[in-house]
Amino acid sequence: MKLYLDPGHGGTDTGASGNGLKEKDLTVDIALKINSLLNQRYENIEVKMSRTGDTTKSLSQRTNEANAWGADYYMAIHINAGGGTGYEDYIYSGLSDSSATATYRAIIHAEVIKSNQLLDRGMKKANFHVLRESAMPAFLSENGFIDRAEDAALMKQASWRQRVAEGHVNGLAKAFGLKTKEAAPAPGILYKVYAGSFQSRQNADDCVAQLKAKGIDSFVVSTSISGVTWYRVQVGAFAKRENAEQRLTELKNAGFPDAFIVAENSSEITPANSGESVSSPGGKDNAPPVTSSTGISILGPTFLSPEQMRRFVKKVNPNAVDVANYYLTFGEYYGIRGDVAFAQAIHETDYFRFTGIVKPEQNNFAGVGATGPGNSGASFKTPEEGVLAHLQHLYAYAAVDPLPTKYPLVDPRFQLVTRGSAPTWTALNGKWAVPGNNYGQLILDLYGRMIDTAVQNLQDIRKSI
Ligand SMILES: [Zn+2]
């Protein structure tokens, strides 16, 4: 899809002005933001801009250029003036409401109005040059009134111009079915989305409640910055930046303008990293930090209860075999984080649906010995024995001590592991799974979602008390 993107005016043509602002500066800024968002996020779009700097260009130069290039869509960005307030957009007056141009416009209009905080003045038609002389469907938006103090106050904020750009981009993506770029996630990095950051725990809790009222799940994490404790309201954690940005846009659109993204090492996803702790799902608010800064350890306490693990799985697979108790019991015996091991089992078995090469009757919840088609790995007599083998295999990687002797060794591959070679979940990358570049991160991401769900369930109960 080829988009001709036309920031109005420029050079000697200032456009409208008011409140210390010039239309030509605002339109090019918004258009550049649209262009970079499109390039960052979508792959099947090519953008040509009428101008990227403060240059003079006539209206017919613009439409001639778009026509010669063979653009699929013409988008012009303007700022209004004349004493009104709000947002409106235009298509050519000669077009019917059932035209493709009108359909595209309706989609884009709906998206822009979601994010621009302006009064909706409606979808309009006009006999403007760029709408009439362009050979392809064309759209022109008027983003607020420069001579209106309230509108101008918004225009002065880069974050508002970004939101306006987001709205146009979301509209284009919807109208033209733009395909999201599958960017390779940076290894070990998670993009966490926060709705806000507060010095008062009460304010953070209020924010969680406001999010909940809008159907958005969140939880509070505390972090210490220069000795001051901040309560951040976390809404998600993503391996892909685009997904985090998408979530950020949704949050801002939902009325949380202070939302922000922090790129953090994935070792920081869990409650136990130094300095940041999740408001505990299990009433264990005072749980000490138990990991090193190099990543969350495999050895450590189990925070989630079997019921919390079970509930998380049953939302996806109500018929899942019930092995949560075994993960707690054996986890505690070997000193392994049983709840994270449970997350690993969810990842390996696809929520115990066994959609891969391992069959359910194998009771092999972690793909022990499974290398690919033709070799589906080890089998265990009972689900209990399968979980025991899983935790013994983790023990082989995480610890150097001999296996404690209460239970028999049932992991057939225990002796093949270089003892202590993977003390953390992310250190399993390339070992438990090959190539497995992101293996540990995926497990921790699942574990993070288990925590989110548990916290949400507890908050729901708390509210009903
Ligand atoms: Zn204009």
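Tutor: A residue is buried if 20 or more other C-beta atoms lie within 10 Å of its own. Keep that cut-off in mind, and note that this is a predicted model.

Student: Which residues of β5 are buried on one side, and which on the other?

Tutor: Both faces of β5 are covered. On one side sit Y73, M75, I77 and I79. On the other, the buried residues are Y74, A76, H78 and N80.

Student: Why is strand β5 largely enclosed by the rest of the structure?

Tutor: β5 spans residues 73-80. The strand is largely enclosed because its buried residues number eight of the eight.

Student: How many bridges join β1 to β5, and how many pair β5 with β8?

Tutor: Strand β1 covers residues 2-7 and runs parallel to β5. L5 has M75 as its bridge partner in β5. Strand β8, residues 138-145, also pairs with β5 in the parallel sense, and H78 has its bridge partner in β8 at E142. The counts are five bridges for β1 and β5, and six for β5 and β8.

Student: What distance separates the centres of domain 1 and domain 2?

Tutor: The assignment gives domain 1 as 2-176, domain 2 as 182-268 and domain 3 as 293-462. Taken over C-alpha atoms, the centres of domain 1 and domain 2 are separated by 31 Å.

Student: Which helix gives the largest share of the side of domain 1 that touches domain 2?

Tutor: Seven residues of domain 1 are in contact with five of domain 2. At least two residues of that side of domain 1 come from each of α3 (100-115) and α6 (158-176). By type, the side has no nonpolar, three polar and four charged residues. The largest share, four residues, belongs to α6.

Student: What covers the buried residues of α10?

Tutor: Helix α10 runs over residues 324-334. Its buried residues are A324, Y326, Y327, L328, F330, G331 and Y334. Their cover includes α9 (306-314), α11 (338-349) and α12 (383-398).

Student: Which residue just after α10 takes a positive phi?

Tutor: Look just past the end of the helix. The phi there is about 70 degrees, and the residue is G335.

Technical notes: Residues numbered from 1 in each chain as written. Predicted model: local features only at pLDDT ≥ 70, side-chain atom pairs only at ≥ 80, totals over all residues. Buried ≥ 20, exposed ≤ 12 C-beta atoms within 10 Å, placed from the backbone. Contact = placed C-beta atoms within 7 Å. Domains from an automatic or database assignment. Nonpolar A, V, L, I, M, F, W, Y, C, P; charged D, E, K, R; others polar. Pairing = 2+ DSSP bridges.
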